[in-house]
Amino acid sequence: MLKFKLIDIKEKLDGKFYGNPDNEFDKLLTDSRKIVKYQETLFIALNGKQHDGHKFIPELYEKGIRSFIICEEINAKNYPKASFLLVDNTVNSLQLLAAFKRSQYHKNLLAITGSNGKTVVKEWISHILSSYYNITRSPKSFNSQIGVPLSLWLINRDTDIAIIEAGISEPDEMERLEKIIKPNVGIFTNLGAAHQTNFSSKNHKITEKFRLFNNCDTVICKYDYKNYLKNKNTKCITWSNTDENASVFVNKIEKHHSNSKIFIDFNNDKYEIDIPFTDEGSIENAVTCFSYITYLLPKPDKQIINKFLSLPGVEMRLQTIDAINNSILINDSYNSDINSLEIALDYLNQKKANKTSILILSDILQNSDDERNFYKSVSKLIAEKNINKLIAIGETIQKYKSFFNKDTAFYPATEDFLINIIHSNFDNSAILLKGARNFRFEEISKMLQSKSHESYLEINLSLMRENLLYFRSILKPQTKIMAMVKAFSYGIGYREVAAFLQHNRIDYLTVAYTDEGVELRNRGIITPIMVMNPSAKDFKTMIDYELEPEIYSVALLKELEKELKSSQTKIIPVHIKINTGMNRLGINENEVLEFCQIVKTSGKIKILSVFSHLAGSDSDKFDDFTHKQAQVFVEICNKISSITGHKPIWHILNSAGIIRFPQYQFEMVRLGIGLYGLLDNITNKTEQVSTFKSVISQIHNVNAGESVSYNRSGKINTQIRTATIPVGYADGIDRRLGNGNWYFIIDGQKAYTIGDICMDMCMVEITNLNANVGDEVIVFGNQNNISKIAKILDTIPYEVITGISERIKRVYIEE
């Protein structure tokens, strides 16, 4: 890859250069948490309302980065070996830098936009053509104002076709992206039913997206969208299954159990393409791919057409599951190429904490004129990412054993690995599966998972990040956030959630009991942790593991002081709980003087924060009481500061309070249920992050006069079909949800419960549904959410989600 110097491109970025003129870079970094080859990397310090990349410059300089683009003055004397380019806006400079890189590429550049199918079409085109062309494509869904420039930077001299995704969330954004990408070919996939937030109408959104094609030579789209193309000099390749005037006409589709045959008329020739999917979206995406191929090859040959039969399923999200022997398993085996490998390795390092990192990698099915140098690049990447152990599967990668660490284990095929697997080799490990589809790594996944229950709770960490960003957006930049991970992170799984929050730079974590904090420390969590319900016997353990106790009484404070007298600890931070009206835990106002005097005389106790708990912040009928609590809290906090001569952090707001009473955010807030998207009664700005999924175990035809479940509770008056689902009240499905009081989602339709909920199973009616054994079942999700269950049960969402049994495995996904 070409190397650059900041001093040589300062005019192109309209920046002021200072520092060492000799530093070179060929990689870009915007996220300081990624592990990269630091010496050859340029860090762009992005600024936003809730983040400032400049504060990570000292850390990155220590790691070896020497080139920086900044928009705030930096004292270069502190970084004598560094190069700096001072600009007005670092995002703009990132885009200008990518535009400069793009200007040096003179081959085919395909840009893809649309609301649905962008990533799938990109991956499928790459799959079909990678044996014929060297393809560089956007990693995953890198299609934003920041993702697009990072994607363009991956283009190199050997790239025959570059495929860049482009997405927008606001008007005028696409015009900016078009100036950077400058595509010569474009694809518009579809708009679908995606929401039109920030756009006045569906037509407005389509018009904005088509601005990507203002200067294209050729555009591929469905016949229905051709009139949105404004440049009359642009050739338009259209497809349709209803209008024979389209360039590519789909005259028939035959759907079978697991595949579809698509009959196409193009250029007076007839084509038949088989795809291993039956859904309408996949059929449309396949036709779009065929249409693009006609741009490259006016007469697609049989070899190309046969590639459609092996189109891979494209998982848009990385999946993390608990694995054997206290390990975690990250499944990213939907595709295998060097760019997606780098992203997956970054994710592995993000998740590993104090675990041993293990990569299980298959042959990488990617066209390369120089196979030897290609695998040398793969070995170099693995070494750069500090992966502890590699397991390589495939005959091709075995040919290049000498490039890899001598401890690497090689197997010719997946079957050989499965036969020889030793479970003890995967102890306290973070395991990444990265394999091409024909290596069937799903068999390895099954072998390494710790739980085999067919039902699971899927947690979308991308949605959790969006929820976190929403709360950060309504807080002042300096306000800290303490995240609640008590009660198994509200049933979500506290170890994985804690690691996620730590990666997203949360200020504090809170657990209920000491042993939860100890386990988090043992899992590599270094973020400060408050323990809400400490007992005196746990103080030594808390000191050893650097956990910070909540002190809610004078008696508990005295027990802590007693422990500290025999401890070598110089000082311990504590969090003081004040009772302002909840009357659960907390010191009362008349105890403050005695409390503070003990703290002052101790010399080893530091009051880090003072807090209280609002009793009714989610209901406007208690607003007067909430204001009264806040008033009492401020008075007591001021009293503590006056006596001790020290002002600690104050915090009183919970999730509902953050939204409804932002004036009381003080120095910190506590975020709990809002992080998990369960505040439907207060806001529509967050999304439920959890979906409970299962499968159909068996289907019955039940005749009139028969019954279903215990006590003949489900009485049948006319012949029906029922499906048995392997979840019951032992899994957290309340018995009151039986007998038609709740519905699951099967094939997008409601399937109501019938009869009593059993311990491990329940039954639903599927008479009018297209359902088969093994089909996916949504116990609760977006259509049938937790808040609706809570309303039926006359309870709160907290109780529903925390009631999901731990025998149900948790699967974490992240885009």
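User: What makes Ser327, Leu329 and Asn331 one group in strand E16, and Ile328 and Ile330 another?

Analyst: In this predicted model, Ser327, Leu329 and Asn331 point one way from E16, while Ile328 and Ile330 point the other way. In a regular strand, side chains alternate between the two faces of the sheet. Both groups are buried.

User: Why is strand E16 called mostly covered?

Analyst: A residue counts as buried when its relative accessible area is under 20%. Five of the five residues in E16 (residues 327-331) are buried, so the strand is described as mostly covered.

User: How do you know that E16 pairs with strand E15 and with strand E20?

Analyst: Two strands pair if at least two bridges are found between them. Five bridges join E15 (residues 318-323) to E16, so these strands pair, and they run antiparallel. Four bridges join E16 to E20 (residues 429-434), so this is also a pair, and here the strands run parallel. Isoleucine 321 stands opposite leucine 329 in E16, and asparagine 331 stands opposite leucine 433 in E20.

User: Why are strands E1 and E2 called edge strands?

Analyst: The open sheet of five strands has the order E1-E5-E4-E3-E2. Strand E1 (16-19) and strand E2 (27-29) each pair on one side only. Within this sheet, four bridges join E4 (residues 67-70) to E5 (residues 83-86), which run parallel.

User: What makes the contact of lysine 270 with aspartate 265 a salt bridge?

Analyst: The cut-off is a side-chain nitrogen within 4 Å of a carboxyl oxygen. The N to O distance here is 3.0 Å, so the pair meets the definition.

User: What does the salt bridge of aspartate 623 with arginine 660 tie together?

Analyst: The closest N and O atoms of aspartate 623 and arginine 660 are 3.0 Å apart. Aspartate 623 lies in helix H22 (residues 623-644) and arginine 660 in helix H23 (residues 655-660), so the pair ties together parts that are 37 residues apart in sequence.

User: Why is aspartate 623 called buried?

Analyst: Its relative accessibility is 18%. Buried means under 20%, so aspartate 623 counts as buried. Arginine 660, at 26%, is partly exposed.

Conventions
Residues are numbered from 1 along each chain as its sequence is written. This is a predicted model: local features need pLDDT of at least 70, side-chain atom pairs count only at pLDDT 80 or more; totals for chains, interfaces and linings use all residues. Side-chain values use heavy atoms; hydrogens and water are left out. Helices (H or I, at least four residues) and strands (E, at least two) are DSSP runs, numbered from the N terminus. Buried means under 20% relative accessible area, exposed over 50%, partly exposed in between (1.4 Å probe, protein chains only).
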